[in-house]
Amino acid sequence: MKKTVKFLYIGKAPISVWFRYGLILFDVVTIIFFVATAHFPHGPWVTGISWVVGFIILLDFSARMWIAKDRWKLLRKIYTLADIVVIVSLILDPFLTGNLAFLRILRALRLIHSYHLLWDLRRDSTFFRTHEDAVIAAINLLVFVFATSTAVLVFFIPEDAKNPYIDALYFTMATLTTTGFGDITLSTPWGKLFSVFIMVVGVALFVRLAQAIFMPQKVRHKCPSCGLFCQSALNNDPPSASKFDPPWS
């Protein structure tokens, strides 16, 4: 069974690649579910779905830990720690308040930070190879916007608001871009500190995205002699797929 799990998670066969893409699709669907239910009363249906999703994520987490060469190193990864928080919050769903349920959005960290997914995209997508830095920077910014918007929605937007999701997203973008129209503000001390956090981190992510878009396009390739991944200027001939094979190939 362990060989089968390894084949699915780190194999190079088409079925393995499609399995990993399927996991990413599952992540996207669950993130949408987490955002949609962040400000929604958790009745039996939502709790039941949360348990099912939590069980699937737990199976995925257990499989990754089972086949990992260095489990302690994997456990220290930020997206692994985020998965643990998400699993606990889903299993304990009936006992959690809405203020803690927003932590599930941390599942979004896995969207692009899975190294197996990165290798698959580098091998299969010419567009990703030539725009990898910009794509990752854009997804990091998108994850930050969704996570902070959900936190604003849960902690600061009144339950009787007419458009709570739009208000949370609007406030996040207005603060992140330092536009500050002032029609939606956080007046409490914690709200002000959270606004400062959005400004500082958001501006840094915006700058990183701008650098990735406007800097000369480069591709990463594996050095055949030392095995390290290096960057080189993009030319007219795309690099061969073998340069993007994982190190166990």
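Mentor: Buried means under 20% relative accessible area, exposed over 50%, and partly exposed in between, with a 1.4 Å probe and protein chains only. This is a predicted model, in which local features need pLDDT of at least 70, side-chain atom pairs count only at pLDDT 80 or more, and totals for chains, interfaces and linings use all residues. Residues are numbered from 1 along each chain as its sequence is written, and side-chain values use heavy atoms, leaving out hydrogens and water.

Trainee: Is Thr30 buried or exposed?

Mentor: Thr30 has a relative accessible area of 4%, so Thr30 is buried. Thr30 sits in helix α2 (residues 14-36); helices are DSSP runs of H or I with at least four residues, numbered from the N terminus.

Trainee: What lies 2.8 Å from a polar atom of its side chain?

Mentor: The backbone oxygen of Asp27 lies at 2.8 Å from that side-chain atom of Thr30.

Trainee: Now the packing. How do the axes of α1 and α3 cross?

Mentor: The axes of α1 (residues 2-10) and α3 (residues 44-67) come within 10 Å and cross at roughly 105°. Axes are lines fitted to C-alpha atoms, for helices over the stretch in contact, and angles run from 0 to 180 degrees between N-to-C directions. α1 and α3 are therefore roughly perpendicular, a term for angles of 65 to 115 degrees.

Trainee: Which residues of α1 make the contact?

Mentor: Lys2, Val5, Lys6, Tyr9 and Ile10 of α1 do, where contact means heavy atoms within 4.5 Å.

Key:
Helices (H or I, at least four residues) and strands (E, at least two) are DSSP runs, numbered from the N terminus. Angles under 35 degrees count as roughly parallel, over 145 as roughly antiparallel, 65 to 115 as roughly perpendicular and the rest as oblique. A polar contact is a pair of N or O atoms within 3.5 Å; within protein, one must be able to donate a hydrogen and the other to accept it, and residues adjacent in sequence count only if both atoms are side-chain atoms.
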